[in-house]
Amino acid sequence: MAAVVLVGAQWGDEGKGKITDFLAEQADCIVRYQGGSNAGHTVVVGGQKFMLHLIPSGILYPDKVCVIGNGVALDLEMLVREIEGLEAQGISVANLRISSRAHILMPYHKKFDELQELGCRQLGTTKRGIGPAYTDKMERVGFRLVDLLEADFLSRLATVVSAKNRVLEQVYGEAGFDVDQIWATLAPCIERVRGHVTDTSLLVNRMVSEGKRVLFEGAQGTLLDIDHGTYPYVTSSSPTAGGACVGAGVGPTKISRVLGVVKAYTTRVGEGPFPTELADEVGEFMRQRGAEFGTTTGRPRRCGWLDAVILRYAVRVNGLTDIAITKIDVLDDFDSLKICVGYRYGDRILEEFPESLKVLQDCEPVYVEVEGWKTSLAGCREYQDLPEATRRYVETVAKLTGVPVCMIAVGPERHQTIVTKSLFGGPGTP
Ligand code: GDP
Ligand code: IMO
Ligand code: MG
């Protein structure tokens with residue numbers, strides 16, 4: 001049995017797309033289980049760049065089954081646009097499978113997301129309609145893909161739209177939505193994807209039972225999780241490992257390993273506390289060197305030092321068995337580097353990530369300083385190629401988290417990846 005869940009260990013954009021693409025070569029099936037087009041996963045192969053929002057980052061391999069699970073908030077228009085974009089880049093989506101239970105993200109969800117961001121709830125969302133879509137799912141007024149294919153869909157939609165329109169008109173003073181217009185947009189998208197729709201829980205469970213290798217690709221990151229993140233500055237789904245079971249319809253007994261993707265420093269997009277943030281020229285250097293601008297919104301990402309308090313928290317709430325470190329090459333030019341090992345709060349040192357945002361806001365990072373390597377890592381392909389100071393940095397991460405590092409990314413390209421342990425069997429696997 002080889003089912004690996006891959007999650008972001010920080011606030012998203014850790015390089016999950018790159019690591020998923022790399023691991024996908026050894027997998028049979030790659031599954032997205034939560035989030036929606038708020039995700040922006042980048043894969044670079046031979047200088048060609050692919051931006052994936054809804055489609056799993058295994059799609060570049062034509063023989064792999066790629067699944068959009070039931071837990072994804074599915075914007076059909078965006079999906080069709082993404083399919084067309086990939087096809088224009090010469091990529092086939094023939095092996096894409098979409099859960100009939102996935103909830104559909106409607107045009108009014110995007111409108112509400114925009115309006116809420118202008119009002120009392122300024123979280124810095126991607127304005128992709130994610131919060132409102134998951135709210136409707138929980139409120140049980142959402143529509144699943146299977147519902148769109150049934151005869152009474154338009155009358156059910158009319159009921160929901162009339163309720164949405166009352167809020168839009170009376171609370172926000174905005175024009176409402178027209179059911180026929182929504183249908184005119186949805187209908188061709190449904191036709192485009194119809195042949196890909198199936199019971200993906202059945203498909204994935206069958207593959208696991210047959211001994212196939214399944215990789216679950218998390219979107220966002222641990223600290224954006226609705227339960228475990230820096231609430232309310234979070235997304236509305238469960239990016240943590242447990243979300244893979246719910247969002248793909250597989251039991252926890254089927255999961256063999258959980259891989260945390262850790263950026264060698266920390267970034268965050270949107271609002272909310274960030275203890276190791278560097279609002280100075282060092283942070284600006286990281287942003288430029290790491291090209292830290294959002295894949296989905298283009299917004300500059302906030303940058304700061306690596307935070308081991310966050311990583312230990314990610315180990316705990318995800319049950320991480322392995323870590324992949326990415327973007328370590330972005331730190332090439334520093335004389336020395338800092339890693340946060342605890343938070344000073346008043347006269348106490350906190351070793352665990354606090355639940356109160358007020359406490360988090362008032363925490364001062366306690367750093368250890370380590371030596372930089374001052375040389376380019378871009379060409380390193382084996383662990384032994386890395387300078388001693390880089391190896392010490394990697395070993396410090398493993399020591400501080402208690403979790404072994406199985407991969408190190410030294411550049412955005414697929415081949416700029418060092419593997420120290422195979423996750424899907426093969427030499428070196430315990
Ligand atoms: P994701 O959302 O976790 O998939 O991450 P994003 O794709 O949003 O952001 C990661 C960015 O870093 C992308 O532009 C990647 O191409 C790039 N990237 C990934 N790994 C590395 C690496 O090891 N080094 C460098 N320099 N860039 C990387
Ligand atoms: P990937 O998968 C980084 C952030 C938004 C905002 C908060 C809520 O590429 O790592 P939402 O639109 O989800 O309601 O926004 O979450 N956010 C991300 N930040 N990477 C992402 O995805 C994100 N998806 C959402 O910036 O702070
Ligand atoms: Mg991203």
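Colleague: How many salt bridges does the rule find across the interface of domain 1 and domain 2?

Modeller: A salt bridge here is a side-chain nitrogen of Lys or Arg within 4 Å of a carboxyl oxygen of Asp or Glu. Across the interface of domain 1 and domain 2, the rule finds two. Lys 110 also forms a salt bridge with Asp 75, with 2.8 Å between the closest N and O atoms. Please keep in mind that this is a predicted model, in which local features need pLDDT of at least 70 and side-chain atom pairs count only at pLDDT 80 or more, while totals for chains, interfaces and linings use all residues. Residues are numbered from 1 along each chain as its sequence is written, chains are lettered from A and ligands numbered from 1 in the order in which they are written, and side-chain values use heavy atoms, leaving out hydrogens and water.

Colleague: Where do the two domains lie in the chain?

Modeller: Domain bounds come from an automatic or database domain assignment. Here that assignment gives domain 1 as 2–92 + 199–419 and domain 2 as 103–195. Taken over C-alpha atoms, their centres are 29 Å apart.

Colleague: How many residues of each domain are in contact?

Modeller: Contact means heavy atoms within 4.5 Å. By that rule, 28 residues of domain 1 touch 23 residues of domain 2. Buried area is the accessible area (1.4 Å probe) that two parts lose on being put together, summed over both. For this pair it is about 2100 Å², 60% of it on carbon and sulfur atoms.

Colleague: And which residues come nearest to ligand 2?

Modeller: A residue counts as near if one of its heavy atoms lies within 4 Å of the molecule. Of the 20 residues around ligand 2, the nearest are Asp 13, Lys 16, His 41, Thr 126 and Thr 235. An N or O atom in the side chain of His 41 is 2.7 Å from an oxygen atom of ligand 2. For the side chain of Arg 299, the corresponding distance is 2.9 Å. A polar backbone atom of Val 269 is 3.0 Å from an oxygen atom of the ligand.

Colleague: Which residues are closest to ligand 1?

Modeller: Ligand 1 is surrounded by 20 residues, with Gly 15, Lys 16, Gly 17, Thr 42 and Asp 329 the closest. Polar backbone atoms of Gly 15 and Lys 16 lie 2.8 Å and 2.7 Å from an oxygen atom of ligand 1. Thr 42 uses a polar side-chain atom, 2.6 Å from an oxygen atom of ligand 1.

Note on methods: Polar contact = N/O pair within 3.5 Å; in protein donor to acceptor, adjacent residues only side chain to side chain.
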